[in-house]
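My plan was to take the fold first, then the ligands, then a few single residues.

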Amino acid sequence: MDDLRPFHERKSLAEMTAAEWESLCDGCGKCCVVSLIDEDDPEERVARTCIGCRLLDLQTVRCTDYANRHRRVPDCVKLTPQNVAGLHWMPSTCAYRLIAEGRRLPRWHPLVTGDPDSTAKAGMGVHGTLVAEADVDEADYGDYVVEE
Ligand code: SF4
Ligand code: SF4
């Protein structure tokens, strides 16, 4: 019998098509902010700031040059089915993490609601909460930490 469950419930990350993979992003924008790594910490914990990446549209929290993001921002990490599980700085709500951990997407995820804006409506994104990287002196980054 055909498995009628949505792709994100029946496929692993490695089995997804490129379009399915892209649609899995909930658009929260949490991975597109400046993060600080404590290099003295043996667990290398990461502190997330409210400073948006210089390519991020701070209102839509979408990348403004997605196709060229890795060339223009060398720190921008390319997610793959192989590296997701090891990226501990990714937010716990990240859909890629959830699927990699064998969990289901939350009720507010656009693939569940059918509404592309449901992440923002549920208050699960960083929409309207960020300051621009260009407006913050690097020496002051520590003052902008919002989550550790
Ligand atoms: S944290 Fe995950 S779900 Fe959110 S924008 Fe980044 S890749 Fe997409
Ligand atoms: S380059 Fe684009 S995708 Fe990468 S962190 Fe910046 S805004 Fe996000």
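**Elements.** I counted six helices and four strands in the chain. I then read their order from the N terminus, which is α-α-β-β-α-α-α-α-β-β. I noted that this is a predicted model.

**Overall dimensions.** Along the principal axes, the C-alpha atoms fill a box of roughly 60 × 35 × 30 Å. I also checked burial. Of the 148 residues in the chain, 19% are buried. For contacts, I took those between residues at least 6 apart in sequence. Among these, 58% join residues at least 24 apart.

**Strand pairing.** I went through the strands one pairing at a time. Strand 1, residues 33-37, pairs with strand 2 in the antiparallel sense, over four bridges. Here I found Ser35 bridged to Arg48 in strand 2. Strand 2 also pairs with strand 4, residues 145-147. That pairing is antiparallel too, over two bridges. In it, Thr49 stands opposite Val145 of strand 4. With strand 3, residues 131-132, strand 2 pairs in the parallel sense, again over two bridges. Ile51 has Val131 in strand 3 as its bridge partner.

**Cores.** Which residues make up the largest nonpolar core? I listed twelve: Cys28, Cys31, Cys32, Val33, Val34, Ile51, Cys53, Leu56, Val61, Met90, Val126 and Leu130. There is a second, separate core of five residues, including Leu24, Tyr96, Ile99 and Ala100.

**Ligand 1.** I wrote down the residues that surround ligand 1. They are Cys25, Asp26, Gly27, Cys28, Gly29, Lys30, Cys31, Met90, Pro91, Cys94, Ala95 and Tyr96. By class, this shell has eight nonpolar, two polar and two charged residues. Cys28, Cys31 and Met90 I had already met in the largest nonpolar core. Tyr96 I had listed in the second core.

Neighbours within four places in sequence aside, Cys53 is in contact with Cys32, Val33, Val73 and Glu133.

**Val34.** I picked Val34, which lies in strand 1. Is it buried or exposed? Val34 is buried, because 21 other C-beta atoms lie within 10 Å and the cut-off is 20 or more. Beyond four places in sequence, the contacts of Val34 are Thr49, Ile51, Glu133 and Tyr141. I also looked up Val34 and Asp75, which are 41 residues apart in sequence. Their C-alpha atoms are 9.8 Å apart in space.

**Val61.** I found Val61 in the loop between strand 2 (46-52) and helix 3 (69-72). Val61 has a positive phi of about 50 degrees, although it is not a glycine. Val61 counts as buried, because it has 23 C-beta neighbours inside 10 Å.

**His109.** Another loop residue I looked up was His109. His109 sits between helix 4 (95-100) and helix 5 (110-113). With 23 other C-beta atoms within 10 Å, His109 is buried. Not counting residues up to four places away in sequence, His109 touches Asp26 and Ala95. Both Asp26 and Ala95 are among the residues around ligand 1. I also noted His109 and Thr93, which are 16 residues apart along the chain. Their C-alpha atoms are separated by 9.8 Å.

**Lys121.** My last stop was Lys121, in helix 6, residues 118-121. Why does Lys121 count as exposed? Lys121 has 12 C-beta neighbours inside 10 Å, and 12 or fewer makes a residue exposed. Trp108 is 13 residues away from Lys121 along the chain. I read 8.4 Å between the C-alpha atoms of Lys121 and Trp108.

Technical notes. Residues are numbered from 1 along each chain as its sequence is written. Chains are lettered from A and ligands numbered from 1 in the order in which they are written. This is a predicted model: local features need pLDDT of at least 70, side-chain atom pairs count only at pLDDT 80 or more; totals for chains, interfaces and linings use all residues. A residue is near a molecule or strand if its C-beta atom, placed from the backbone, lies within 6 Å of it. Ala, Val, Leu, Ile, Met, Phe, Trp, Tyr, Cys and Pro count as nonpolar, Asp, Glu, Lys and Arg as charged, and the others, Gly among them, as polar. A nonpolar core is a set of buried Ala, Val, Leu, Ile, Met, Phe, Trp, Tyr and Cys residues joined through C-beta atoms within 7 Å. Two residues are in contact if their C-beta atoms, placed from the backbone, lie within 7 Å. Two strands pair if DSSP finds at least two bridges between them.
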